[in-house]
Amino acid sequence: MVTPRPSDADWLAAAARLAARARPISAPNPAVGAIIVAEGKVVGRGWTQAGGRPHAEAVALAQAGEAAKGATLYCSLEPCAHRSQRGPSCASSIVEAEVGRCVFGVLDPDPRTAGEGLEILKDGGVEAEHMPCEASRASLAGYLAVRELGRPHVTLKLAMSLDGCIATASGDSQWITGEEARAHVHSRRAMSDAILVGGGTWRADQPRLDVRLPGLDDRSPQRILLTRGIPPDGVRVINAPGQIANLDGIQYLYVEGGAQTAAGFLEEDLVDRLEIYRAPILIGGGRPAIGDIGLASLGDAHRRWRMVERRQLGSDTFEAYERTR
């Protein structure tokens, strides 16, 4: 049986997977992935490096060397059109390397590029094409949220019992989920620019809000507190969920609780992704995972969530839902 050759869509999806390696270290630049293919074989690949430079395309071109001539470059985002003090534009570098074809998954909304990268490629003799790709958009969710919505991409994390409680009636919450689920939470923190909790959670639990996984302890995000009280040292503070629009430099915001904070973000329609860790226990009469979000009837309930992932983590179940716009 002959194995079919990967399609353009397959290569774009592979580039999007590479982009995950740049998140969130590429900040303030987007996390981008790039792959160069010649005669069906990968001759170069790259992702945006720490601090935003070099860009993914530059890394892939350097790895490919002369093999890039006449090859096809796949990247998750339109190659940039603007030169900076840190190097030439990616579009001009692709032209200079005599790449034969360039396919990218998302047009860059940055006004410095916004179609100009595509034009530079075409004017330079490269067969360039924007091929809309859902995997590319997903890999750029934080960057696109900032550019298109004026705020970070928000993930709301909830760890609860089967009956939807995050603590007993007395407030005992450690630990509802097991070690595997808690380790997974730390891996998700490591993919975020900042973690946010409410003032009640901060006062009750004094959470560290860091990453405690071997080799990833340097990935601990910024800490943000939602409160109207006196801010503690070393923590950024906002007074209302809508103020996340003022959090410069943050593309991915991970909201961990508690119930009123979760309700506030949901009520203001600011949640893009729900990540739920469900433990196989019943609490009964405990504290609910989400407070009142102002619904008067079931007809007003949000029906915009679709499950995108489900897995078992030890005895706990992880489910991820994304909003449909």
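Which residue in β4 is the bridge partner of L73? In this predicted model, in which residues are numbered from 1 along each chain as its sequence is written, local features need pLDDT of at least 70, side-chain atom pairs count only at pLDDT 80 or more, and totals for chains, interfaces and linings use all residues. Side-chain values use heavy atoms, with hydrogens and water left out.

The bridge partner of L73 in β4 is C102. Strand β3 (residues 72-77) and strand β4 (residues 101-106) pair in the parallel sense over five bridges; two strands pair if DSSP finds at least two bridges between them. Helices (H or I, at least four residues) and strands (E, at least two) are DSSP runs, numbered from the N terminus.

Five strands form an open sheet with mixed pairing, in the order β2-β1-β3-β4-β5. Its edge strands, each pairing on one side only, are β2 (41-47) and β5 (127-130). Direction ignored, neighbouring strands of this sheet are turned by 15° against each other on average. Axes are lines fitted to C-alpha atoms, for helices over the stretch in contact, and angles run from 0 to 180 degrees between N-to-C directions.

Helix α2 (residues 56-64) packs on the sheet, where it touches β1 (33-38), β2 and β3; the direction of α2 makes about 140° with that of β2. Helix α4 (residues 116-123) also packs on the sheet, touching β4 and β5, and its direction makes about 155° with that of β5. Contact means heavy atoms within 4.5 Å.

A search of the whole structure for disulfides (pairs of cysteine sulfur atoms within 2.5 Å) finds zero. C90 is in no disulfide, and the nearest cysteine sulfur, that of C80, is 3.8 Å away. C90 counts as buried because its relative accessibility is 4%; buried means under 20% relative accessible area, exposed over 50%, and partly exposed in between (1.4 Å probe, protein chains only). C133 is likewise in no disulfide, with the nearest cysteine sulfur, that of C75, 11 Å away. At 11% relative accessibility, C133 counts as buried.

The protein chain contains nine helices and 15 strands. Of its 325 residues, 49% count as buried. The C-alpha trace spans about 70 × 55 × 45 Å along its principal axes. The radius of gyration of the protein chain is 22 Å, which agrees with the value near 20 Å that a compact globule of 325 residues would have; this radius is taken over C-alpha atoms, and the globule rule is 2.2 Å times the number of residues to the power 0.38. Among contacts between residues at least 6 apart in sequence, 71% join residues at least 24 apart.
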